[in-house]
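I opened a new structure today and kept notes as I went. Here is what I looked up.

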Amino acid sequence: SASAEAACCLDSIGLSALYVGCSALGKPLDHPDFSDFWAELDRRDAIVYVHPGGIVAGTEPGLAGMDDTLIAVTIGSAAEIATAALRLAAMCRKYRRVRPIIGLLGGSLPFLLQRCLSIVGKWPFPTVLADFGSPEDVVAELRRFHYEINLLPDPHVIASARRAYGIDRLLFGSDSPSGTPASAIAFLEAGGVTTAEIETIVADNATALFCPPAASRLDRSAFAAQ
């Protein structure tokens, strides 16, 4: 089972984190069929990296037109990861010790978050967000997650993400080999991120998430030289 495999990876193999897509077999990550899996991760304080994949694999229902692979991996993946992040925000109110890393800066989520929040509490139909007491509760839950910075080299993207999540929730990512660590650093600089904030994203945030407090600081120059 997925629960047994997760336990093996974390306990026997000693992996630091697990990777999951945004859906499995046409079901979202918060589907009741996966409750044992998340409970197992919750018991282990597991770090889980979430990255798009379901749309491209043709398993995500209700997305007509996503059979075009270029549209799927660009527009489609941005919608897919944003959807997964919101559903996980609701689910992780139960599994408090699961620590998600959301890929691609949460896709379209930073741009559409205010639209979503403006409807929370007013929507007359069933929704996974119904149990949130207020829009501020949704934001607080999303800010418990981490977000890796790989998306696209547009300074407006990183500016939007830093407003939505905060600098302390961003993690370095370059999507290498399609990008490089140096290009990811340039992406941050173009978005108005200061040198001190880049150090936080490149080194401090990951150290705090993955390593004990005594762990040494990573050297940004090692990334920039690549």
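**Entry 1: helix α4**

I am working with a predicted model. I began with α4, residues 109–119. Which of its residues are buried? I found L109, P110, L113, C116 and L117. Looking down the axis of α4, I see these buried residues within an arc of 95°, so they line one face of the helix. I recalled the general rule: an α-helix has 3.6 residues a turn, so residues three or four places apart point the same way.

Next I checked the face of α4 turned away from the buried side. The exposed residues there are Q114 and R115. I also asked what covers the buried residues of α4. The cover includes α3 (69–91), α5 (135–142) and α6 (155–165). Just after α4, I noted G121, which has a positive phi of about 90°.

**Entry 2: the largest pocket**

The largest pocket has a volume of about 590 Å³. Its lining counts 20 residues, and L86, C116, I119, T127 and L129 are the closest to its centre. The most comes from α4, with six residues. By class, I noted 13 nonpolar, four polar and three charged residues in the lining of the largest pocket.

**Entry 3: the second largest pocket**

The second largest pocket has a volume of about 280 Å³. I noted 16 lining residues, the closest to its centre being A2, V20, A24, F34 and F37. At least two residues of this lining come from each of α1 (2–13), β1 (18–20), β2 (23–24) and α2 (35–43). The largest share belongs to α1, with four residues. The lining of the second largest pocket divides into nine nonpolar, four polar and three charged residues.

**Entry 4: the core**

Last, I looked at how nonpolar residues gather. How many residues does the largest nonpolar core have? I noted 58. Those with the most contacts inside this core are W38, L41, V50, L105, L142, I149 and L170. The largest share of the core, nine residues, comes from α3.

Leaving out residues up to four places away in sequence, L41 touches A6, L10, L18, A46, V48 and V98.

Key:
Residues are numbered from 1 along each chain as its sequence is written. This is a predicted model: local features need pLDDT of at least 70, side-chain atom pairs count only at pLDDT 80 or more; totals for chains, interfaces and linings use all residues. Side-chain values use heavy atoms; hydrogens and water are left out. Buried means under 20% relative accessible area, exposed over 50%, partly exposed in between (1.4 Å probe, protein chains only). The arc is that of the directions from the helix axis to the C-beta atoms. Contact means heavy atoms within 4.5 Å. On a 1 Å grid over the protein atoms alone, a cavity is a set of points where a 1.4 Å probe fits but cannot get out, and a pocket is an open set with protein on both sides within 12 Å along at least five of seven lines; lining residues have an atom within 4 Å of a point. Grid points are joined across faces, edges and corners, and a volume is the space filled by probe spheres set on the points. Ala, Val, Leu, Ile, Met, Phe, Trp, Tyr, Cys and Pro count as nonpolar, Asp, Glu, Lys and Arg as charged, and the others, Gly among them, as polar. A nonpolar core is a set of buried Ala, Val, Leu, Ile, Met, Phe, Trp, Tyr and Cys residues joined through side-chain atoms within 4.5 Å.
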